[in-house]
Amino acid sequence: MDSTGVIIAFYVLAAMTIGSAVSVVVVRNMIHAVMGLIGTFAGLAGLYVTLSADFIAITQILIYIGAISILFLFAIVLTPQASRNNQESFLRFPALVLALLVAGVLIFVALDNTWNLSHAPDFPETASTIGELLLKTYVLPFEIASVLLLVAVVGSIVLVRPEPVEED
Amino acid sequence: MSIHLEHYLIVGAILFSIGLYLALAKRNFIGVLMGIEMMFNAVNLTFIAFSRFVKSDQPLSAHVFVVFVITVAAAEAATALALAVMVYRTRDTINVDQIDLLKW
Amino acid sequence: MTSFFLKGEWYDFRDLGNPVGGLLHDIDKIAPHWVVYVVASLIGTGGIVLWGVLSCLAFIWIERRVVALMQNRKGPNRVGPAGLLQPVADALKLLMKEAITPRAADKIVFWAGPVLIFVPALAVFAVIPFGPKMTLADLNVGVLFLIAIAGINTPAVFLAGWSSNNKYALLGAMRTIAMLISYEIIQVLALLGPVLLVGSMRLGDLVGWQDHYNTWIFFIQPVGLMAYIFAGAVETNRSPTDIAEAESEIVAGYHTEYGGIKFGFFYQAEYLAGFAIAAAITTLYMGGYTLWGAEKYIPSWIIFLGKLYTVFFIYIWARGTLPRLRIDQLMAFAWKFLLPIMLVNTLVVGGEVLIWRENDISDVTALTLIGLVNFFFGAALVIGWARFLGHGRGRQVGRRALLTQEVGAVYFGAETSS
């Protein structure tokens, strides 16, 4: 992790990610906030690539930018007038203090701790190993996750469906 | 100067705290959900950073965990946004300060 | 004569990676190490952009001419000998027209719409192998990259349609997104078939497998190819699935309010996306840059481009002959017909690969058997499932009678109201 390209890429991507996250907080229009969220997801996908997690990076783009962003945009479109603004509630100062405290604690733990570093080189290819792990060691969470997705899909549709018209 | 584990952990911590602020302080329900998604993403970044830098028997088990986190986040976002649309239909608002009655 | 067959020397233009590799080798001797990466990526990107733009310009003329000849009229023949300067006229018009931004539109998002649609269509070409050493970035997850970057189209289309502040644009965007996400699943399953067979998601490995076994995956998995051709047509909004931009229906869908060079971006992105789908079909199903040994005589990138243009001609052919499908017909086709067939196809291919790997069958026998089983079973599955859903031969008269009597929902095989 010490070649020039990776260092430049890390700083540019980290700046893009954190800048987009701050823009989600600051902008007043919800659509622009969702665009900031998309920028955060894209920056994170780039950071995963610098960590040589190729499968997770592509999955992040595919699912977060390709599907979850659309969910947010549709929810904003389906709730007009009430959801155009992005103001903070009256809890903003306690929330700001709490967020800064949490960030402070996490950064202190990250810097102060001596981690059990491994100094291994980059992963050559992760997709096949992830596939094996999903189907050998972690097959039960895999199946439960598929049932969870089915429940979520059916539940969302049942929630939003209009009342069936009674036939006389 | 090279990139170490601490750099990624700091980015993850900042993202997590920004997500926490969004989840606590936004008046719009969808803003709260955006904060929750950002917290999920920060956690994913931390997992992948640990799997790359820290000694373990199977470093890619963190990647499997991240796949599950992405799955659960997608399911939760879908259900929560469906709830938001339904709440808007019945209460005509999604301001979290105004949705405070259990009984209609 | 053997010296005529150049073996990877820098002047061997059968593979353009050779001169580029020689140049990079020379640069590596005199410059820091990171300059090599920058120069390599610049050369690759410049080559892809140049080729993409030139192909789009050429195909503006080719498509309009071919569609016109299929429809028994002449097509562009005014601007130059046989209309060959028509692309130049189109490009000049788009550049010189005023790119109007509506006053009530959202400025930032309106500006970002064409960019967000154009860039993924171009970025897909980074993983496509144009030749043995001519891939810009031969990723380990190349097949997933194709799907993921094509999936960025979805929020981009929505933002373009939303920012126009125009209800037709928003409706067109919503319909386009419904189509795109339905057919994304079909695309993933169709691309999964070759990946199961080859065991790797890297596009270079897929072409290498087809070269090693001297076959095209098209002969082994015809059902997957048919599904992917259709799903690809939907992803790029080409006729017969171009509901989003049908002028007779929805003005121009999500790019109603865009004029001038912004519309030029949408136009170019449509062609580039079509080329990207054709490139994916060529690489995964039709052997990529190999042609059973002809790449010793013909440069491999010419073979690849020839195959790509042939597949794209099939899309032009479909545009010229088939009528447009309705949105509900398209969605029903995706969810009720194609999705179960692709799931069964995945199951069958997985089973075949398992049987092949576990037993000691010779490659030729195994592949022939797999191809024949896939072909007959696929045909039976497609015809059987269509009959099951009621699209068979014998019920047309009954269905028409039902439609004239019922108002509201029509169920296949339902009784008329009492």
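Two residues are taken to be in contact if their C-beta atoms, placed from the backbone, lie within 7 Å. On that definition, 2 pairs of chains touch in this predicted model, and the pair with the most contacts is chains A and B. Chain B and chain C, by comparison, are joined by no contact, and their closest C-alpha atoms lie 15 Å apart. Residues are numbered from 1 along each chain as its sequence is written, and chains are lettered from A in the order in which they are written. Because the model is predicted, local features need pLDDT of at least 70 and side-chain atom pairs count only at pLDDT 80 or more, whereas totals for chains, interfaces and linings use all residues.

Between chains A and C, 18 residues of chain A are in contact with 20 residues of chain C. The side of chain A that touches chain C takes at least two residues from each of α1 (4–26), α2 (30–50) and α3 (54–78) of chain A, helices being DSSP runs of H or I with at least four residues, numbered from the N terminus. Its largest share, 10 residues, comes from α3(A). By class, this side of chain A has 11 nonpolar, 5 polar and 2 charged residues, where Ala, Val, Leu, Ile, Met, Phe, Trp, Tyr, Cys and Pro count as nonpolar, Asp, Glu, Lys and Arg as charged, and the others, Gly among them, as polar.

Not counting residues up to four places away in sequence, C:Ala276 touches C:Ala121, C:Val124 and C:Phe125.

Helix α8 (residues 203–212) of chain C has as its buried residues C:Leu203, C:Leu206, C:Val207 and C:Gln210, a residue being buried if 20 or more other C-beta atoms lie within 10 Å of its own. Seen down the axis of α8(C), these buried residues fall within an arc of 95°, so they line one face of the helix, the arc being that of the directions from the helix axis to the C-beta atoms. They pack against α5 (142–151), α7 (167–198), α9 (217–220) and α12 of chain C. After α8(C) comes C:Asn214, whose phi is positive, near 55°.

Notes:
Buried ≥ 20, exposed ≤ 12 C-beta atoms within 10 Å, placed from the backbone.
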